[in-house]
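User: Please take a close look at the surfaces along which the parts of this model meet, and describe them in one connected account.

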Protein chains: 4
Amino acid sequence: MVGPIKIGFVSRQQPESIRLAQMLIYQIESEGKGVTIFVDEDLALKIGREGTPVAEMERQLVDFIVSVGGDGTILRTIHKMADPAPILGINMGTLGFLVDVEPKDAVETLSRLLAGFDVDARSRLKLLLNGVCLPRATNEIAFLTASPAKMIEFEIIVDGALMEDFRADGVIIATSTGSTAYAMSAGGPIVDPRVDAIVLVPMAPFKLSSRPWVIPGDSVIEVRLKLPDKEALVVVDGQTSMVISSKDTVVISKAKTPARFVKVGREGFYAKVKSKLT
Amino acid sequence: MVGPIKIGFVSRQQPESIRLAQMLIYQIESEGKGVTIFVDEDLALKIGREGTPVAEMERQLVDFIVSVGGDGTILRTIHKMADPAPILGINMGTLGFLVDVEPKDAVETLSRLLAGFDVDARSRLKLLLNGVCLPRATNEIAFLTASPAKMIEFEIIVDGALMEDFRADGVIIATSTGSTAYAMSAGGPIVDPRVDAIVLVPMAPFKLSSRPWVIPGDSVIEVRLKLPDKEALVVVDGQTSMVISSKDTVVISKAKTPARFVKVGREGFYAKVKSKLT
Amino acid sequence: MVGPIKIGFVSRQQPESIRLAQMLIYQIESEGKGVTIFVDEDLALKIGREGTPVAEMERQLVDFIVSVGGDGTILRTIHKMADPAPILGINMGTLGFLVDVEPKDAVETLSRLLAGFDVDARSRLKLLLNGVCLPRATNEIAFLTASPAKMIEFEIIVDGALMEDFRADGVIIATSTGSTAYAMSAGGPIVDPRVDAIVLVPMAPFKLSSRPWVIPGDSVIEVRLKLPDKEALVVVDGQTSMVISSKDTVVISKAKTPARFVKVGREGFYAKVKSKLT
Amino acid sequence: MVGPIKIGFVSRQQPESIRLAQMLIYQIESEGKGVTIFVDEDLALKIGREGTPVAEMERQLVDFIVSVGGDGTILRTIHKMADPAPILGINMGTLGFLVDVEPKDAVETLSRLLAGFDVDARSRLKLLLNGVCLPRATNEIAFLTASPAKMIEFEIIVDGALMEDFRADGVIIATSTGSTAYAMSAGGPIVDPRVDAIVLVPMAPFKLSSRPWVIPGDSVIEVRLKLPDKEALVVVDGQTSMVISSKDTVVISKAKTPARFVKVGREGFYAKVKSKLT
């Protein structure tokens, strides 16, 4: 890497994660290689340092951000950036696909990556709700009935053509990256992240012949609620939640800026599926 | 039938259904066979008659109750009775399995049934929430995460043994009758109503090897939430909804009194599946 | 147990299994408790003893038969008996549901069971092919297209009523016991063996709304091929295979005699599912 | 179109199809526009014309080939060409996705297309078996156990990395075009043909966590049988069948030449799914 290295740190609000983050920061600083460290405000409070918002880390062009926690920690961090800095996920006990490094390997891996690293760019989804942009989705945008156990009627229009209309508990619209997250629990296929595609998975559909769909990654998807008196929740990456009704205009397309992940490198996608899904 | 016949009437709150109910009542009364008619309060208001609560119809030992509407109308009506009177469902545009008579056949069918009819008894499920009984379920009891798109951890104990613990959006516990309703959308099997069984279907389970279960109809099922800070909604037959947490005790077993349906008779269960599910 | 104990032995044709069988026989005989041992002919050949056909063990009313191998070994052994003696399965490396004892526990378990044991009776299915009885099925009867990748059209008649007609690669008709075997791979539910039921699972059905069925255990099922020029294979418990065509009459019902298994006792069905399916 | 138009004709061996083919040929010739007609040998025999092999039609650079029959007729015709001429499918009673024209619209559609038409190119799969090329697959290549109801163990290597190893009845490797054919019956997703992808669907997999996969369209896939004593059938587009064992080398990749279909134009892919799958 050219120039002084800048690393950001975020952590799950949980003693173990915070301790590990603190230890990694100490490790880097004690090596005395002139790495500049930024610490997210929540973490900063806990370990007595000055805090830097993630958005400011983005402006400072950090080389990457170390996330200590689970997939949720990573997804929330990415939501705070318009053109996300690469993420390095340290896995604190979850089974997520976004966390690449086991705690016991964290020191060594981090040390190695300071000498240089590659980045894996992953498409995100942009949702315009009445023209206003919600946080880009790294994994998926889920539309769920706001009245539990009462189905909702959707119309999905892709590139101007009616793809499907169905009654269901909801529908998940996922990136290839998100195909192994929520979409998979709902019955979707495993999509290799190299495939430029979007996955749509109906949830508990009334019509038994409904199937998951895989459509082009650059599709423009419109989601419409058909009944005027029903509401749906929109949940982005399991984090942000809003209520919509049949009056709202919802348009989903590929985001201009991808999520980025530091390549830890040893194992590919298939090996990861094998280790996580068995 | 011995003695004077008593018929109850309930209807969906929708002009067409109300008109049909009114027409059927007129038809019976004009035949002058001394049939006593009870009309549920909501319907009574609309057609200018004296209203009788469904629970009072039960006490009056009505021969059966005509429900004009969909499965929801029937399920709500049954919920109001401890030992439910038989139901005759007139189908107003839904695809439900509980409605047996098409509007165009209603007059003729009703006329025929006044001369005598058989009853189909269907097991219901009783839910004790901290020892208090909720309305018996004719179709199913659904446990759904109260935080949309956030999984909840369940433990299912059957007859004292741990059946399964899983992370999922929810779990559906259905009667054989309910196997072709919500449980089926969630991926459950079609269970012949003659099988004395309970069906459990995990919804969007995290563990990909999860499968629907079919267990004995007289099982005692305990549902536990594992995490102290998470809540679930309990929804009975898509109608009643309550919030529970890990502190609550939830025990499900076969109800002492079944739901009853007037046998319309021409077609059996398989023919009904064929006509509804194709 | 009253009277002198009689134990049969069968084994998979594989050195490890034969060695373990031999060791168990030696163990019993060296304890000198007057147990009479019968050894199946294939095993007898390998270990230099006199052989006894399984059917003869049945006539000799053996207390139980020790099967060293996998589920296949057990299923084949049961096929040889009209009113099967109880089976004790020693598990040689498979993931089957019928094998209950791990090799390391075999000596101790066997020793314990010689002092007394309970039996678990499991319904079997009888298939009459043009009135002739094939081996009873402990797990399932599978009907598979005889022309790979070419669908076949089936008609399933249950108790005289058309249950379903479908185009598919095949259909599996399984006992509750067999629900966790082939039927499960094809998408069927887990059926508690206490439920008196038969499971039907279509294989790769053309009609996307097809679902697995659970019907009463005492149903009489007729399977018909609809096209005169197509043939299907009938495979019982993965062992016996016959070809049928649209001219053949196939009737399936509950067998009069069940399969029997020695209860090893420590763990129930749910715990077994948990350990095998995770 | 430039120059004299050349049209080929093939037909299913069934009176209705042959009659329609004959009628369409008569129609074109009676219009006297100098269209040259080639008739496949089987059809030629039935209608008393001179026959031309499909491969010769390809060499003659026919503008397109009219196929009267079902998807099978089309798939067999494409198999006979190295660089397939465009196909126009007249639908004789099947539910296939490749047949675009209903018999009642055939005359008018054909007449219209003689004035000009667009072509839809669809990727095919090439299978090298020990270095020898089998017919390219328009829909799918299926690997099926040669011993019905006995699972086979596969290893799938994609671009040199182990994707998955599994025990199953078989595995389907399909194009996007084939995603709505056999792969769908086996549980695969609907893949928009614009997505450059290959779908892998395990059939009745032993491991319950197995899922369908969607991988890049330019992947190089190696399929290996793991056990030396087991055989599998390779079936290309439901037509060609060969036996392979663990000694054989099987490599699948995108074919250089696509299948081509005459665009009939009125309805898109989503409308077709809607009309075929409901």
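Analyst: Buried area is here the accessible area, taken with a 1.4 Å probe, that two parts lose on being put together, summed over both. By that definition, chain D and chain A bury about 2,400 Å² between them, and carbon and sulfur atoms give 64% of this area. The model is a predicted one, in which local features need pLDDT of at least 70 and side-chain atom pairs count only at pLDDT 80 or more, whereas totals for chains, interfaces and linings use all residues. Residues are numbered from 1 along each chain as its sequence is written, chains are lettered from A and ligands numbered from 1 in the order in which they are written, and side-chain values use heavy atoms, with hydrogens and water left out.

If contact is taken as heavy atoms within 4.5 Å, 29 residues of chain D and 29 residues of chain A take part in the interface. The rule finds 4 salt bridges across the interface of chain D and chain A, a salt bridge being a side-chain nitrogen of Lys or Arg within 4 Å of a carboxyl oxygen of Asp or Glu. Arg194(A) and Asp159(D) are joined by a salt bridge between their side chains, at 2.9 Å from N to O. Chain D and chain A also have 10 residue pairs in polar contact, both residues being at pLDDT 80 or more; a polar contact is a pair of N or O atoms within 3.5 Å, where within protein one must be able to donate a hydrogen and the other to accept it, and residues adjacent in sequence count only if both atoms are side-chain atoms.

On the side of chain D that touches chain A, β10 (161-168), β12 (190-191), β14 (213-216) and α7 (269-277) of chain D each supply at least two residues, and the largest share, 5 residues, comes from α7(D). Helices (H or I, at least four residues) and strands (E, at least two) are DSSP runs, numbered from the N terminus. By class, this side of chain D has 19 nonpolar, 4 polar and 6 charged residues, where Ala, Val, Leu, Ile, Met, Phe, Trp, Tyr, Cys and Pro count as nonpolar, Asp, Glu, Lys and Arg as charged, and the others, Gly among them, as polar.

Strand pairing also links chain A and chain D: strand β14 (residues 213-216) of chain A pairs with β12(D) in the parallel sense over 2 bridges, two strands being paired if DSSP finds at least two bridges between them. Within this pairing, Val214(A) has Val191(D) of β12(D) as its bridge partner.
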